[in-house]
Amino acid sequence: MSAMVEEDENANELQFGNINFDEVETLTNDEMYLLLAKRHNAGMSNELFDQTFAYVERVATTKINHDVEALTLDLRQKLGFLQLQRVNDGKRIPLHKFEISCLANFIKDEDTSVDEILSLVPSMSRFPVDQIELAINIVIEAKERAGGGL
């Protein structure tokens, strides 16, 4: 059974087992913060919830509902329309929904490097460095506009 899981799941190849990303939306840390904050404010609490909430509270870029909605929409539109050129065949392809959410979550400041992104999102290695830098810059600019700086 575990051999089957290894074949079906490989984030490097954007294979996620039975999850069809055409049918689901991924959440950014900011969106997750808003969802958990509502439950936290309603009194929900247990050890796992408290640890998860503390984490997303720490890593969320912005915590204001309107700003989160605007930033998420901006990033999904800009990164969703972006066509990056694959290294192996030169074909221009869009980023995967998983990659878009990862970029939105992992890029925190202007110092985010391509090497850092590649270590966190290995599927991005299918694109050349300059193309990854373009995606990083889009996220940085969007977060600066949304929050007045990173």
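Where pLDDT is low, the predicted coordinates should not be read in detail.

This is a predicted model, in which local features need pLDDT of at least 70 and side-chain atom pairs count only at pLDDT 80 or more, while totals for chains, interfaces and linings use all residues. Residues are numbered from 1 along each chain as its sequence is written, and side-chain values use heavy atoms, with hydrogens and water left out.

The protein chain has an average pLDDT of 86, and 93% of the residues score at least 70. Confidence in the protein chain is lowest in helix 1 (residues 2–8), with a mean of 51, and highest in strand 4 (residues 92–94), at 95. Helices (H or I, at least four residues) and strands (E, at least two) are DSSP runs, numbered from the N terminus.

**Salt bridges**

Seven salt bridges are present in the structure. The term stands for a side-chain nitrogen of Lys or Arg within 4 Å of a carboxyl oxygen of Asp or Glu. The table lists some of them.

| Pair | Closest N and O atoms |
|---|---|
| E25 and K97 | 3.5 Å |
| D74 and K78 | 2.9 Å |

E25 forms a salt bridge with K97. Because E25 sits in the loop between strand 2 (15–16) and helix 2 (29–41) and K97 in helix 5 (residues 97–106), this pair ties together parts that are 72 residues apart in sequence. Accessibility is classed as buried (under 20% relative accessible area), exposed (over 50%) or partly exposed (in between), using a 1.4 Å probe and protein chains only. E25 is exposed at 52% relative accessibility, whereas K97 is partly exposed at 27%.

D74 and K78 are both in helix 4 (residues 65–81), four residues apart, or about one turn of the helix. D74 is buried, its relative accessible area being 17%, and K78 is partly exposed at 37%.

R126 is partly exposed at 22% relative accessibility, while E99 is buried at 0%.

Salt bridges with shared partners join E25, E31, R76 and K97 into one network.

Methods: pLDDT = per-residue confidence, 0-100.
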